Amino acid sequence: MPDSAPAATRTTAGLFFGLAAYGLWGLLPLYFVTLTPAGPVEIVSDRVVFSLVVCLVLIAVTRSWGSLAAVFRSRRSLGILTLAAVLIAANWLTYTYGVLSGQAIEAALGYFINPLVSVLLGVLLLKERLRPLQWAAVGIGFVAVLVLAVAYGRMPWIALILAFSFGFYGLVKNRVGATVDAVTSLTMETVVLSPLAVAAMIWLGVAGSLTLTGNGAGHFWLLAASGIVTATPLLFFGASARRLPMTTIGLLQYVAPLLQFIIATTVLGEHMGPERWAGFGIVWLALAVLTADMLLASQRRRRALRAARVRAARARGPQVGSAG
């Protein structure tokens with residue numbers, strides 16, 4: 001969409017792409033349960049290999065080989081994306097294990113608390129200063145984790161691993177900045193992971209546990225579709241991020257875990273006892289506080305920007321027009 005398009009049209013398109021991206025991520029549990037009897041290691045390995053195929057096709061179509069080559073030439077970018085690849089692989093493997101082992105609710109919890117973890121990482125690693133409401137949200141989130149630990153009878157490790165792996169992933173990707181686009185970044189990450197993925201598939205084949213080629217054409221193509229399932233929401237997200245302010249993107253991110261939670265409790269039939277409802281309620285309270293802070297901060301920034309424009313206009317003084 002050209003930059004001259006009306007702002008309302010851009011916003012509408014951005015919302016569509018954003019809802020499509022987070023909606024598809026939210027539906028992932030339904031996709032993963034159709035891949036049985038494939039296990040988490042095989043699913044993630046296939047996802048890496050077939051995502052690489054899709055990405056290389058996209059690179060070829062968009063003629064972005066130069067961007068890919070530039071990453072290979074940059075030790076810094078290559079090192080950062082290698083670390084990002086390790087983090088996203090841990091995230092994918094943990095999430096897939098959570099869904100297939102009947103713990104999709106806990107997996108959804110991980111993405112609910114991810115914004116709180118991102119704020120915490122900003123304080124601990126980037127030395128950012130939090131506003132009072134942000135501190136309140138983090139404190140409430142900490143209480144929620146303790147309540148859920150009691151409810152589960154253990155620490156919610158799946159949720160914590162997902163939240164921290166994705167939090168660190170976002171932090172690492174932020175170090176690359178806008179120098180590497182989404183498709184090139186995913187291509188590099190899958191290039192890094194592909195040798196391990198192929199080795200895992202060979203190991204599963206030798207052990208007689210590989211299902212890719214032994215369970216019919218339908219199962220093969222379902223697994224092969226993992227490349228498109230991975231790349232499509234990423235492209236939608238990129239299109240959305242170019243059209244919407246970060247405040248709106250921050251609100252849309254709750255769509256995915258909410259859908260995952262609904263699917264886990266309805267379609268997958270996972271149980272939610274009173275203690276878990278209490279824990280999730282506290283998490284949602286923390287997110288409400290964090291969202292309120294985000295909206296208030298955005299409003300203050302807009303007011304400050306308008307005030308700066310007014311001061312600048314006054315400083316320039318009245319414009320003198322030419323005599324006709």
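**Entry 1. Terms and model**

I take a residue as buried when its relative accessible area is under 20%, as exposed when it is over 50%, and as partly exposed in between. I note that the model is predicted.

**Entry 2. Overall picture**

I looked up the secondary structure and found 14 helices and zero strands. Read along the sequence, the pattern is therefore α-α-α-α-α-α-α-α-α-α-α-α-α-α. I recorded a box of roughly 85 × 55 × 35 Å for the C-alpha atoms, taken along the principal axes. The protein has 324 residues, and 45% of them count as buried. I then turned to contacts between residues at least 6 apart in sequence: 84% of these join residues at least 24 apart.

**Entry 3. Surface and charge**

I counted the charged side chains as 24 positive and 10 negative. The centres of these two sets lie 18 Å apart.

**Entry 4. The pair of Tyr22 and Phe237**

I searched next for aromatic pairs, and the structure holds 19 of them. One of these is formed by Tyr22 and Phe237, with 6.0 Å centre to centre and 90° between the planes, and it is edge-to-face. I asked which helices hold the two residues. Tyr22 lies in helix H1 (residues 7-26) and Phe237 in helix H11 (residues 226-241), so the pair ties together parts that are 215 residues apart in sequence. Tyr22 has a relative accessible area of 10%, which is under the 20% limit, so Tyr22 is buried. Phe237 stands at 26% relative accessibility and therefore counts as partly exposed.

**Entry 5. The pair of Phe220 and Trp221**

I recorded for Phe220 and Trp221 ring centres 5.0 Å apart and planes at 85°. An angle over 60 degrees counts as edge-to-face, so this pair is given that name. Phe220 has 25% relative accessibility, so Phe220 counts as partly exposed. Trp221 has a relative accessible area of 58%; this is over 50%, and Trp221 is therefore exposed.

**Entry 6. An aromatic cluster and a charge over a ring**

I found one aromatic cluster formed by Tyr31, Phe32, Tyr95, Tyr111, Phe166 and Tyr169. I also asked which ring the charged end of Arg47 sits over. The ring belongs to Trp92, and the charged end of Arg47 is 4.1 Å from the centre of that ring.

Notes:
Residues are numbered from 1 along each chain as its sequence is written. This is a predicted model: local features need pLDDT of at least 70, side-chain atom pairs count only at pLDDT 80 or more; totals for chains, interfaces and linings use all residues. Side-chain values use heavy atoms; hydrogens and water are left out. Rings of Phe, Tyr and Trp (its six-membered ring) pair if their centres lie within 6.5 Å; planes under 30 degrees apart count as stacked, over 60 as edge-to-face and the rest as tilted. Helices (H or I, at least four residues) and strands (E, at least two) are DSSP runs, numbered from the N terminus. Buried means under 20% relative accessible area, exposed over 50%, partly exposed in between (1.4 Å probe, protein chains only). A charge sits over a ring if NZ of Lys or CZ of Arg is within 6 Å of the ring centre and within 35 degrees of the ring normal. Contact means heavy atoms within 4.5 Å. Lys and Arg count as positive and Asp and Glu as negative; His and the chain ends are not counted. The place of a charge is taken as NZ of Lys, CZ of Arg, CG of Asp or CD of Glu.
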